[in-house]
Structures are given as structure tokens and as C-alpha cells.
Protein chains: 2
Amino acid sequence: MAVNYNERIEYILKDYTAISPATLTTVIQSGTLASYKRGETVFLQKKYNAFEYFLLEGIAHRYNVDEESQMLTTGIYIEKNVITPHFARTINSISIFSLQALTDCTFFKIPIGAFDALRLQNEQLRAFGQRVVEREFIQHLNYEALFRSYTAKDRLLFFRQHYPALENLIPHTVIASFLGITPVSFSRLRNELTKN
Amino acid sequence: MAVNYNERIEYILKDYTAISPATLTTVIQSGTLASYKRGETVFLQKKYNAFEYFLLEGIAHRYNVDEESQMLTTGIYIEKNVITPHFARTINSISIFSLQALTDCTFFKIPIGAFDALRLQNEQLRAFGQRVVEREFIQHLNYEALFRSYTAKDRLLFFRQHYPALENLIPHTVIASFLGITPVSFSRLRNELTKN
DNA sequence: TTCTTTTCTTATCAATTGATAAGTGAACCC
DNA sequence: GGGTTCACTTATCAATTGATAAGAAAAGAA
């Protein structure tokens, strides 16, 4: 079953705001497709990057590496979603986290200069960019509450609601890291929740 | 001892980027001072707000109220700092959190329209705005790691490093909420850490 | 002042989570 | 096929954290 990537770009844009056919065409012409195999890195923390990304197919996660070279997952992206925008994940275009494909992935990527130029000309794309940022902050707010006042079990239930079926598709170590618990605790909670 | 508020506005601006005397004057003329007594609300979640704020004197915190009307503190602001910028804390100028004075506070507030206009004309203020956002995201990243992979004791130590002496100035319930632990656990950790 | 209220501490016990190690099963390599 | 590695589970025990209640100290009110 072949995936229609242009339809997915349209889906993502329209998920945030109204987009005319002309705008859609302009966006599609401004970027290119990029595919990554499971495990490959899309961009690296502390490295230069100057693209916006739409995740068209597959699952990816963002992570940071701490002093003891332990990987910490701080976000998970599923298909038909935008990756956190460039301005919010870089400083002077230097990434503050890494992005890795957890399954085979296809992205649509647009050079940041081209996208900024489009936004200047196009009201719809300005609105799109603004809505993306708004959702990003709402999510941020949810997570602030989630990690401060919910138990690990609650966080797993939250995860299952927001990322259904993902538990069977990506490594449990990644999910456990994302939820802020050890893989052993994660397995224990899974066991406990299936008993009910 | 009287506080020179203009000096503090200058301090805050220059803490982020170079600011000329002319720019400083323009900023000062664009806003007004606003004072709040301890316990008073500066702005409320789900209410309209259209200002940028500099905290010149005092301590404030941002919080949200959950389903069980429990207050959850998600950020603490100390004097000579900017409050999270308008675009990052509102959706269509509706606040996504509340801000409350924890001690008597004095803010410098600028209507968002006036500040946006200044930024359009003034390269220094554009840079200022950008740096504020950058620091905001860096802090966000720190907290993502802090709550996912550090213990409550580590978070308290982090808090003491970043907010020295604050433990004696604001309610412990606020700090405990901010750290994601109960006030009882907070007291226990304080006790444990003084023994060393 | 005295009384009341609020804030913080301490104690006890239960529940959650982590650390470590061993076991199971699947995937992969030769 | 056998053997190895990797991912997940399960078990045991220790450490952390929460819930509840009671006590001590500080702040406010009359």
C-alpha cells in the first residue's frame, strides 16, 4: 500500500488552519522528501540544522544525552505531525536535542530560509506557524502538570491515550525514558494494568 | 532603601543583549509600573491579558488549578527578570496560567501592541525578544531532564542552586508543588540535607 | 498581651519506585 | 542447526515518596 505523501502534507497543514490549494502547492514545491531507516539520526544535538520537518510516515523521538552518556527521551513524534519548529529547538540554528527514527521514517523538509520567506508572504502559513507553537506550549503545560503531580501509572495511562498502539511498535526503553521511569518499572506497570 | 526602577529595567534588558540609551528610554516611556501586595493576582488563567511584564522587585509564581481545585506551581520568578513572554503564555491573548505575587511585587508592564511595534522598528529589541525565548527553551529542556531522571532530593538541590535563599522567603507549599513533591516530603528532605 | 490560625516539622505506616539479578523468548549471525 | 545477543519479564530487596495524624513554631487577629 503506497502512501500519498502530498496528501499527508496537506493533512498536516490543514490540521492547524485553513490552507488554499495555491498555498499547498507552494509549500510542496519548497521542500523535499527525506527517508531514514530505523535507528538513523535525523539531526544531532549541538550540530547545525536549518530545516523545518513534517513527519509523514513512521515514528521518531527526540532525546538528549547526559553526562554519563545515558539517552533521555523527551518527546515522541508520530506520523502526520510536525516536528517541533526550528526556532524552538535551536539556538543560532544549533540543535538543543537530537532526533532519531524509531521506525523507518519519511519526512518532508523545508529549508528554514525558504519557509520564513513563505510565512512573510502568506497569511495562512503565518497562522499555521502560530498554531503549531500554541499546541507546543499547551503540550508543555500538560507535561508540567503530568510530571509534577501524577504517578508513573497515571503517566503510562496518559501515554496510552495519546499514543495508542505505540507500545507494540517502539522499544520499551524509549517509552520508559519518556515517562521518567526505569524499564523494569515500566514492565511492572504494564503487568499490573493488564490484570484489570 | 529606595529601589531605582529604571536601573532595574536597564539591568534586565542588558542581561540579554546590548541596549543603547535611546532604546532604553523608548522602552521606559512605553510602559508603566504596577505594584501588587503579597498574595494578589497579576493575571488569571483563562482571562484576557495583553501585556509584557518585567519583575522589578519581589517574587512571583505561576500556577494552574486542576480539577480538584488544587494549585500547582509550574514556575517561580525572582526580581530583575522577565515574565514568560506574552506569545508563549497566551492563546489569542487568553492566559494559559495564572501569575501571583508571593511577596510584595513591582512590575514594569508594556502593552503588547506597543512592544510589538517597538520590536518592528528596533533591532536591539528584536534580539532581546529572541534571547528571552531562547533562555525559556533552555530552561524547559533542563526541566524535562530534571523531572524525568532526577530524584526529589536532586531537584531540591537544583532549586537551591538556582533560587538561593528563596526557601526563607516564600511558602514551602509553593516550593514543594514546584518540585513535584508533597510539603511533608519537602520538609523531610530539608531535614535530611541539613544533617550533612 | 492572649487566642486563633496558619505553617512547618516529626512520626508512623503504606505504597510506589529503583537496583540488581535471573529467567524467558525472540531476533540475528555464523 | 547451534550459539549469541538483545528485549522484555519476573523476583527480591532496599530506598524513596505519599498519606495521615499529631505536635511545635510562627504569624495574625482581637
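Predicted model: local features only at pLDDT ≥ 70, side-chain atom pairs only at ≥ 80, totals over all residues.
## How the two chains are related

Chain B can be laid on chain A by a turn of 180° with a shift of 0.0 Å along the axis, and the RMSD of this superposition is 0.0 Å. The two copies are thus related as by a two-fold rotation axis. Among the residues of chain B, the one whose C-alpha comes closest to this rotation axis is B:Phe147, at 3.2 Å.

## Where the chains meet

In the contact between the chains, 18 residues of chain B meet 18 residues of chain A. On the side of chain B that touches chain A, strand S5 (71-78) and helix H5 (123-149) of chain B each supply at least two residues, and H5(B) gives the most, with 10 residues. Sorted by class, this side of chain B has nine nonpolar, five polar and four charged residues.

Of the interface residues of chain B, 100% are also interface residues in chain A, so the copies meet through the same surface.

## A four-stranded sheet in chain A

Chain A has an open sheet of four strands in the order S2-S9-S4-S5, with antiparallel pairing. Strand S2 (41-43) and strand S5 (71-78) of chain A stand at the edges of this sheet, and because each has a single partner strand, one side of each is left without a neighbour in the sheet. On average, and with direction ignored, neighbouring strands of this sheet are turned by 30° against each other.

The pairings can be followed residue by residue. S2(A) and S9(A) pair in the antiparallel sense over two bridges, and here A:Thr41 stands opposite A:Gln100 in S9(A). Strand S4 (residues 59-65) of chain A is joined to strand S9 (residues 98-101) of chain A by four bridges, and these two strands run antiparallel. Within S9(A), A:Leu99 is the bridge partner of A:Arg62, while A:Ser98 is the bridge partner of A:Tyr63.

## Helices H7 and H8 of chain A

Helix H7 (residues 172-179) of chain A lies across S4 and S5 of chain A, and H7(A) runs at about 100° to S5(A). Two packed helices are described by the angle between their axes and the distance between the axes. For H7(A) and H8(A), the angle is about 95° and the axes are 9 Å apart. H7(A) and H8(A) are therefore roughly perpendicular to each other.

In this packing, A:His172, A:Thr173, A:Ile175, A:Ala176 and A:Leu179 in H7(A) meet A:Pro183, A:Phe186 and A:Ser187 in H8(A). By class, the contact of H7(A) with H8(A) has five nonpolar and three polar residues, with no charged residues.

## A four-stranded sheet in chain B

Chain B has an open sheet of four strands in the order S1-S10-S3-S6, with antiparallel pairing. Strand S1 (32-36) and strand S6 (81-82) of chain B stand at its edges, each with a single partner strand, so one side of each is left without a neighbour in the sheet.

Strand S3 (residues 51-57) and strand S10 (residues 105-111) of chain B pair in the antiparallel sense over six bridges, and in S10(B) the bridge partner of B:Glu52 is B:Ile110. Helix H4 (residues 112-121) of chain B lies across S3 and S10 of chain B, and H4(B) runs at about 65° to S10(B).

## The surfaces near the DNA strands

Around DNA strand C there are 16 residues, of which A:Thr151, A:Ala152, A:Ser185, B:His172 and B:Ser187 come nearest. Helix H6 (152-162) and helix H8 (183-194) of chain A, together with helix H7 (172-179) and helix H8 (183-194) of chain B, each supply at least two residues of this surface. Its largest share, six residues, comes from H8(B). By class, the surface near DNA strand C has six nonpolar, seven polar and three charged residues.

Around DNA strand D there are 16 residues, of which A:His172, A:Ser187, B:Ala152, B:Ile181 and B:Ser185 come nearest. Here H7 and H8 of chain A, together with helix H6 (152-162) and H8 of chain B, each supply at least two residues, and the largest share, six residues, comes from H8(A). The surface near DNA strand D has, by class, six nonpolar, seven polar and three charged residues. Two of the residues that come nearest to DNA strand D, A:His172 and A:Ser187, also take part in the contact of H7(A) with H8(A).

Technical notes
Residues numbered from 1 in each chain as written. Chains lettered and ligands numbered in written order. Near = placed C-beta within 6 Å. Nonpolar A, V, L, I, M, F, W, Y, C, P; charged D, E, K, R; others polar. Contact = placed C-beta atoms within 7 Å. Pairing = 2+ DSSP bridges. Axes fitted to C-alpha atoms, helices over the stretch in contact; angles between N-to-C directions. Least-squares fit on C-alpha atoms with pLDDT ≥ 70 in both. Parallel < 35°, antiparallel > 145°, perpendicular 65-115°, else oblique.
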